[in-house]
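Biologist: Hi! Could you walk me through this model?
Modeller: Happy to, here it is.
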Amino acid sequence: MMFEALETRLRRYSELEGLVTDPKVIADSSAYQRYTKELASLRTIVSKYKEYKKTGADIAELEEVLDKKSQDAEFAELAKEELLTLRKKMPGLEKEIEELLLEDDPDANKNIIVEIRAGTGGQEASLFASDLFRMYSKYAASQGWAVEMLSSSLSEAGGFKEAVFGIDGTGVYRKMKFESGVHRVQRVPATEASGRIHTSTVSVAVLPEAEDVDIKIDPKDLKVDVFRSSGAGGQSVNTADSAVRITHLPTGVVVQCQDERSQLKNKNKAMKVLRARLLDKAVIEQHDKIAKERKTQIGTGERSEKIRTYNYPDRRITDHRIGFTVHNLENVLEGELEEVIMELLKQEKDLKLKEAK
């Protein structure tokens with residue numbers, strides 16, 4: 001099974017190498033970007049598999065040479081030494097390939113849509129929602145990813161009641177997938193005169209962006225409403241009906257976008273979010289059927305699960321799913337999230353290795 005999977009990846013890699021040099025594909029920027037990203041995602045495992053195949057071929061060639069009695073003694077000795085070295089190398093290559101396959105995720109390089117919503121805590125929760133948006137934006141910049149705001153709703157305090165934004169780049173979903181859940185903050189609000197620590201929560205959902213091949217939407221299943229956009233407190237910020245609300249009638253999923261002055265741009269953004277939500281809904285329903293059998297996931301996977309606490313007085317961040325704590329809260333909120341994310345990826349890999357044994 002492992003080698004079937006590897007051969008499939010090798011064939012796809014060769015196919016992609018041809019596609020990214022095809023003038024028709026190069027002329028289609030969307031297709032070209034999609035293929036180059038997929039090519040990059042396969043490069044490491046294909047390279048390692050090619051090394052494995054070459055080592056195997058070299059072993060077979062040396063064994064064939066040594067079966068012949070015509071070579072001199074000195075050459076035979078050198079061939080035996082080389083054969084011994086190559087045979088020792090093979091188990092290490094097999095182990096590396098197995099681990100790469102365990103880490104392989106078809107959604108790993110998908111772009112994502114992140115939804116941040118203020119939870120309990122009123123205005124303080126909305127301010128922390130803004131802090132999380134800033135943290136993710138800075139982390140994305142450090143990774144060379146692009147961030148695009150899709151929809152937002154401001155509170156009277158200037159924070160986000162809700163922020164929906166896209167992040168595009170290589171390896172985005174692989175690194176960001178564990179951010180879904182409830183984030184809790186413990187700190188003294190600026191408006192708190194007595195210095196009492198408040199606890200607030202913000203929910204985060206990370207959705208892999210759906211492509212047309214993932215989700216088919218019948219236009220007849222959509223109800224599209226247009227209206228004037230409004231800002232914090234409900235005041236109108238646009239005199240034209242540019243805001244768009246799309247309702248997917250079969251599921252009841254509703255998406256609203258109003259950040260752009262163009263109705264068409266708002267509709268396109270709303271459709272992007274709708275596709276992601278419908279794909280996420282389908283994936284959750286599928287996963288729920290086998291949830292009891294899963295042993296390799298970090299945490300429960302529930303959106304209501306409290307995953308992380310940001311404690312300001314102690315400068316402490318704790319990820320409750322893996323019991324991991326760091327005392328550099330300021331740096332993490334400035335986008336230095338890599339240490340936490342890499343620890344989550346390590347724990348996931350360890351769980352998969354245990355499951356595979």
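Biologist: What span should the 21 residues of helix α5 have at 1.5 Å a residue, and how far apart are its end C-alpha atoms?
Modeller: Helix α5 (residues 123–143) should span 30 Å, and its end C-alpha atoms lie 31 Å apart, which agrees. The expected span is 1.5 Å times one less than the number of residues. Helices are DSSP runs of H or I with at least four residues, strands are E runs of at least two, numbered from the N terminus. This is a predicted model, where local features need pLDDT of at least 70, side-chain atom pairs need 80 or more, and totals for chains, interfaces and linings use all residues. Residues are numbered from 1 along each chain as its sequence is written, and side-chain values use heavy atoms, without hydrogens and water.
Biologist: What comes just after α5?
Modeller: G144, with a positive phi of about 80°.
Biologist: Switching topic, how do α3 and α4 cross?
Modeller: The axes of α3 (residues 29–67) and α4 (residues 73–103) come within 9 Å and cross at roughly 155°. Axes are lines fitted to C-alpha atoms over the stretch in contact, with angles from 0 to 180 degrees between N-to-C directions. That makes α3 roughly antiparallel to α4 (over 145 degrees).
Biologist: And the sheet, in what order do its strands run?
Modeller: The order is β6-β7-β8, an open sheet of 3 strands with antiparallel pairing. Strands pair if DSSP finds at least two bridges between them. At the edges are β6 (222–227) and β8 (253–257), each pairing on one side only.
Biologist: How many bridges join β6 and β7?
Modeller: 6 bridges, with β7 covering residues 243–248. K223 sits opposite T247 in β7.

Key: Angles under 35 degrees count as roughly parallel, over 145 as roughly antiparallel, 65 to 115 as roughly perpendicular and the rest as oblique.
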